[in-house]
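This report is an introduction for a reader new to the structure shown below. Please keep the sequence and the 3D view at hand while reading.

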Amino acid sequence: QVQLVESGGGLVQAGGSLRLSCAASGNIGTINGMGWYRQAPGKQRELVADIGRDGSTRYVDAVKGRFTISSDNAKNSVFLQMNNLKPEDTAVYYCYAVLNLIGHWGQGTQVTVSS
């Protein structure tokens, strides 16, 4: 039984920063990968960034140069540093993790960027 709990969302003005955190708890063995998705109203959920067990990272083009994903496997956690936020970044952000070769989703945390 695994849970992913996100935190760090909130309301910020354009140009501001937020740092999202996601911690996995439960029967965690191997962390195969972790990442962040987001879903804006009326849009499909999209991959924002992910990080592999070897530390390799990927980013959607819209956030390259502004967001940084990192992980701390010892703490079963993944983070998303979000800088120079734009109104179009407004969405619910979801943590995703592949643990023991099984995918898991967090409950989501709201990020709202005002202009």
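## Strand pairing

Gln3 stands opposite Ser25, a residue of strand 3. The model described here is predicted. Strand 1 and strand 3 run antiparallel and are joined by six bridges.

Strand 3 also pairs with strand 8, which spans residues 77-82; the sense is again antiparallel, over six bridges.

## The disulfide

A disulfide is a covalent bond between the sulfur atoms of two cysteines. The structure holds one disulfide. It joins Cys22 to Cys95, with an S to S distance of 2.1 Å. Cys22 lies in strand 3 (residues 18-26) and Cys95 in strand 9 (residues 91-99), so the pair ties together parts that are 73 residues apart in sequence.

Is this cysteine pair buried or exposed? Both Cys22 and Cys95 are buried. The torsion about the S-S bond of Cys22 and Cys95 is about -80 degrees, and the disulfide is therefore left-handed.

## Salt bridges

Side chains of opposite charge can pair when their charged atoms come close. How many salt bridges does a search of the whole structure find? The search finds five.

One of the salt bridges is formed by the side chains of Arg38 and Glu46, at 2.8 Å from N to O. Arg38 has a relative accessible area of 6% and is therefore buried, whereas Glu46, with a relative accessible area of 29%, is partly exposed. The side chains of Asp50 and Arg58 meet in a salt bridge as well, at 2.6 Å from N to O. Asp50 counts as buried because its relative accessibility is 17%, while Arg58 is exposed, with a relative accessible area of 52%.

## A linked network

Arg66 forms a salt bridge with Asp89, and the closest N and O atoms of the two are 2.8 Å apart. Arg66 lies in the loop between strand 6 (57-59) and strand 7, and Asp89 in the loop between strand 8 and strand 9, so the pair ties together parts that are 23 residues apart in sequence. Arg66 and Asp89 are both buried.

Which residues are linked in a network of salt bridges? The network consists of Arg38, Glu46, Arg66 and Asp89. Within it, the Arg38 and Glu46 side chains meet in a salt bridge, and so do Arg66 and Asp89.

Technical notes: Residues numbered from 1 in each chain as written. Predicted model: local features only at pLDDT ≥ 70, side-chain atom pairs only at ≥ 80, totals over all residues. Heavy atoms only, no water. Disulfide = S-S within 2.5 Å. Helix = DSSP H or I, 4+ residues; strand = E, 2+ residues; numbered from the N terminus. Buried < 20%, exposed > 50% of the residue type's maximum accessible area, 1.4 Å probe, protein only. Pairing = 2+ DSSP bridges. Salt bridge = Lys/Arg side-chain N within 4 Å of Asp/Glu carboxyl O.
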